[in-house]
Amino acid sequence: MTETAGERPPLGRRERKKAATRQALADAALRLFAEHGYDQVGIRDVADAADVSTTTLFKHFPSKEALVFDEGDELKAALLAAVRERPAGQSVPRALRDHVLRSRIPKGEHADPRFTQLLELVDATPALRAYSRHMWMQHEIELAAAIADEIGAPADDPICRALAHFALAARDLGHDSPDPEAAVNRAFDLLEHGWPAAGDGTSAENTANAENTGNAGNAGNAHRAES
């Protein structure tokens, strides 16, 4: 069960100070990157803006890219909770679809402006897109295990691993699309409903393949008969 905020023990003074420094660094980095561009801002610029040394910065963040992604544990917890705490009757693929869309395409008047700004920065910066994908995809094994647990399958079940992999990968499919939401939905239509959900022409393709296979078999039989 996921521990709620009310159940967590209060942080001590030292932990609160560390958390405040980390947040100040993350806020300064996002502001500077948004104002000047990711490539034009250095580590020292971020440290100076947060009024700390570069040594202190590296105690909290191992790299420049990591400054943008300071909630890895929270993102993983939310991803696993989407599967484990989905509404009764909702399929695992549907739960993952909803979660991926929320994490990729914030909507509505309550969308966090900072989150929207972060997504825009990542989308516009190739180095951050690559880092974001790496951080996101590293949850594949744990997600597959959570899916397997939910359906009573072995932890190493290949179907669960495949669903986890492609559900995570679907998040980035809409990057170059004029309609990212539609692109993600098309991918999840395939995951939920199989290849026929890909669109028109599937039945014709299957028929053509069957006819080709049959023709090849008939040709082989004729050759054997002639021999």
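**A loop residue, and the helices beyond**

A: Start with Asp 51, which sits in the loop between α2 (43–49) and α3 (54–60). The model is predicted. The backbone of Asp 51 has a phi near 60°, a positive value in a residue that is not glycine. Most residues other than glycine have a negative phi. Is Asp 51 buried or exposed? Asp 51 is exposed, because its relative accessibility is 70% and the exposed class begins over 50%.

Lys 59 belongs to helix α3. Lys 59 also counts as exposed, at 70% relative accessibility. From Lys 59, look across to Arg 22. In sequence, 37 residues separate Lys 59 and Arg 22. In space, their C-alpha atoms are 9.3 Å apart.

Step back for the setting. The protein chain has 11 helices and zero strands. Read from the N terminus, its elements run α-α-α-α-α-α-α-α-α-α-α. The chain holds 227 residues, and 32% of them are buried. Consider the contacts between residues at least 6 apart in sequence: 60% of these join residues at least 24 apart.

Next, the packing of two helices. Helix α5 covers residues 92–104, and helix α10 covers residues 180–193. Their axes come within 10 Å and cross at roughly 165°. That angle is over 145 degrees, the cut-off for roughly antiparallel, and α5 and α10 are therefore roughly antiparallel to each other. The crossing of α5 past α10 is right-handed.

Which residues of α5 and α10 meet? On the α5 side they are Pro 93, Arg 94, Leu 96, Arg 97, Val 100 and Leu 101. On the α10 side they are Glu 181, Val 184, Asn 185, Phe 188, Asp 189 and Glu 192.

Side chains of opposite charge can pair when their charged atoms come close. Glu 192 and Arg 97 form a salt bridge, with their closest N and O atoms 2.7 Å apart. Glu 192 is in helix α10 and Arg 97 is in helix α5, so the pair ties together parts that lie 95 residues apart in sequence. Asp 189 joins in as well: Arg 97, Asp 189 and Glu 192 are linked in a network of salt bridges.

Glu 192 is partly exposed, with a relative accessible area of 25%.

In total, the structure has nine salt bridges. Two others are worth a look. One links Lys 76 and Glu 142, whose side chains meet at 3.2 Å, N to O. Lys 76 lies in helix α4 (residues 72–84) and Glu 142 in helix α8 (residues 140–151), so this pair joins parts that are 66 residues apart in sequence. Lys 76 is partly exposed, at a relative accessible area of 23%. Glu 142 is partly exposed too, at 36% relative accessibility.

Arg 31 forms a salt bridge with Glu 35, and the closest N and O atoms are 3.9 Å apart. Both residues lie in helix α1 (residues 13–36). Arg 31 and Glu 35 are four residues apart, about one turn of the helix. Arg 31 is partly exposed, with a relative accessible area of 39%.

Helix α7 (residues 126–137) packs against helix α9 (residues 158–169) at an angle of about 155°, and their axes are 10 Å apart. So α7 and α9 are roughly antiparallel to each other. α7 passes α9 in a right-handed crossing. From α7, Arg 133, Trp 136 and Met 137 make the contact. From α9, the partners are His 165, Leu 168 and Ala 169. The residues of this contact between α7 and α9 divide into four nonpolar, one polar and one charged.

Note on methods
Residues numbered from 1 in each chain as written. Predicted model: local features only at pLDDT ≥ 70, side-chain atom pairs only at ≥ 80, totals over all residues. Heavy atoms only, no water. Axes fitted to C-alpha atoms, helices over the stretch in contact; angles between N-to-C directions. Parallel < 35°, antiparallel > 145°, perpendicular 65-115°, else oblique. Left-handed = near helix turned anticlockwise from the far one by under 90°. Contact = heavy atoms within 4.5 Å. Buried < 20%, exposed > 50% of the residue type's maximum accessible area, 1.4 Å probe, protein only. Salt bridge = Lys/Arg side-chain N within 4 Å of Asp/Glu carboxyl O. Nonpolar A, V, L, I, M, F, W, Y, C, P; charged D, E, K, R; others polar.
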